[in-house]
Amino acid sequence: MLQLKVIGAADVPAVLALQAQCYGPEFLESAQAFTAKIDAARHLHCSYLAVDAGEPLAYVVSLPVDDGQLPALDAPSVTPARAPRTLYLHDLAVSPAGRARRLGHKLVQQVVHRAQDMGLTQVALVAVQGSTAYWERHGFSVSDAAPGSPLAAKLATFGSGATLMRRALKPA
């Protein structure tokens, strides 16, 4: 039976294993980076692991952020947001078995609903590995980062093909 559970520190090894199945080496993050993101949103319940019969199939890591303050790829620390309006969907990874069950779609819906429940105005993400069309199917649109801005510098940590995307939310 499929279970969506809130990710805790004990789940980081499973997250790292799924990450290695889904991303190229240039996108692999350390346990420290994942723990920092999870800790920054501790008690907010916005990162989830999909498990069936003890087998991790997919995860999503998201956290509230202040405007323009997206964490860089593999950032060893993350400052918790003070006045967030955005839930940043940092990472979604779905195993082949999870793809057949549309777990990516389910996890994205979970994040959007959580953002609405938190009273946030948008969900933002950085699309990598040519995934822009996937995110557009989930209601996200390409968004610009001003050249030379701190946001553009963080976006650059994801590589040359990285695309900032946003989805505006309706009040819950």
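Because the model is predicted, local features need pLDDT of at least 70 and side-chain atom pairs count only at pLDDT 80 or more, while totals for chains, interfaces and linings use all residues. Residues are numbered from 1 along each chain as its sequence is written, and side-chain values use heavy atoms, with hydrogens and water left out.

Helix α1 spans residues 12-22; helices here are DSSP runs of H or I with at least four residues, strands are runs of E with at least two, and both are numbered from the N terminus. Val12, Ala14, Val15, Leu18, Gln19 and Cys22 of α1 are buried, where buried means under 20% relative accessible area, exposed means over 50%, and partly exposed lies in between, with a 1.4 Å probe and protein chains only. Seen down the axis of α1, these buried residues fall within an arc of 155 degrees, so they line one face of the helix. The arc is taken from the directions that run from the helix axis to the C-beta atoms. The buried residues of α1 pack against α2 (31-40), β2 (48-52), β3 (55-65), β4 (86-94) and α3 (96-99).

Leaving out residues up to four places away in sequence, Leu18 touches Leu49, Pro56, Leu57, Ala58, Tyr59, Ala93 and Ser95; contact means heavy atoms within 4.5 Å. Between Leu18 and Leu169, which are 151 residues apart along the chain, the C-alpha atoms are separated by 29 Å.

Helix α2 also has a set of buried residues, namely Ala33, Phe34, Ala36, Lys37, Ile38 and Ala40. They pack against α1, β3 and β4. In the loop between α2 and β2 lies His43, whose phi is near 75 degrees, a positive value in a residue other than glycine. His43 counts as exposed, at 65% relative accessibility.

Of its 5 residues, 5 are buried, so β2 is largely enclosed by the rest of the structure. In a regular strand the side chains alternate between the two faces of the sheet. In β2 both faces are covered, with Tyr48, Ala50 and Asp52 buried on one side and Leu49 and Val51 buried on the other.

The pairing of β2 involves two other strands, where a pair requires that DSSP finds at least two bridges between them. Strand β1 (residues 2-6) pairs with β2 in the antiparallel sense over 5 bridges, and Leu2 has Asp52 as its bridge partner in β2. Strands β2 and β3 also run antiparallel and are joined by 5 bridges, with Asp52 opposite Glu55 in β3. The hairpin of β2 and β3 has 2 residues between the strands, and Ala53 takes a positive phi near 50 degrees there. Ala53 is exposed, with a relative accessible area of 77%.

Nonpolar side chains tend to be buried together in soluble globular proteins. The largest nonpolar core in this model has 57 residues; such a core is a set of buried Ala, Val, Leu, Ile, Met, Phe, Trp, Tyr and Cys residues joined through side-chain atoms within 4.5 Å. Strand β3 gives the most to this core, with 7 residues. The residues with the most contacts inside the core are Tyr59, Leu89, Leu92, Val123, Val126 and Trp135. Leaving aside neighbours within four places in sequence, Val123 is in contact with residues including Leu89, Val111, Phe140, Met165 and Leu169.

The structure holds 4 aromatic pairs. Rings of Phe, Tyr and Trp (its six-membered ring) pair if their centres lie within 6.5 Å, and planes under 30 degrees apart count as stacked, over 60 as edge-to-face and the rest as tilted. The ring centres of Trp135 and Phe140 are 5.5 Å apart and the planes are at 85 degrees, so this pair is edge-to-face. Both Trp135 and Phe140 are buried, and together with Tyr134 they form one aromatic cluster.

Cysteines complete the account. Cys22 is buried at a relative accessible area of 16%, and Cys46 is buried at 2%. With a disulfide taken as a pair of cysteine sulfur atoms within 2.5 Å, the count comes to 0 disulfides.
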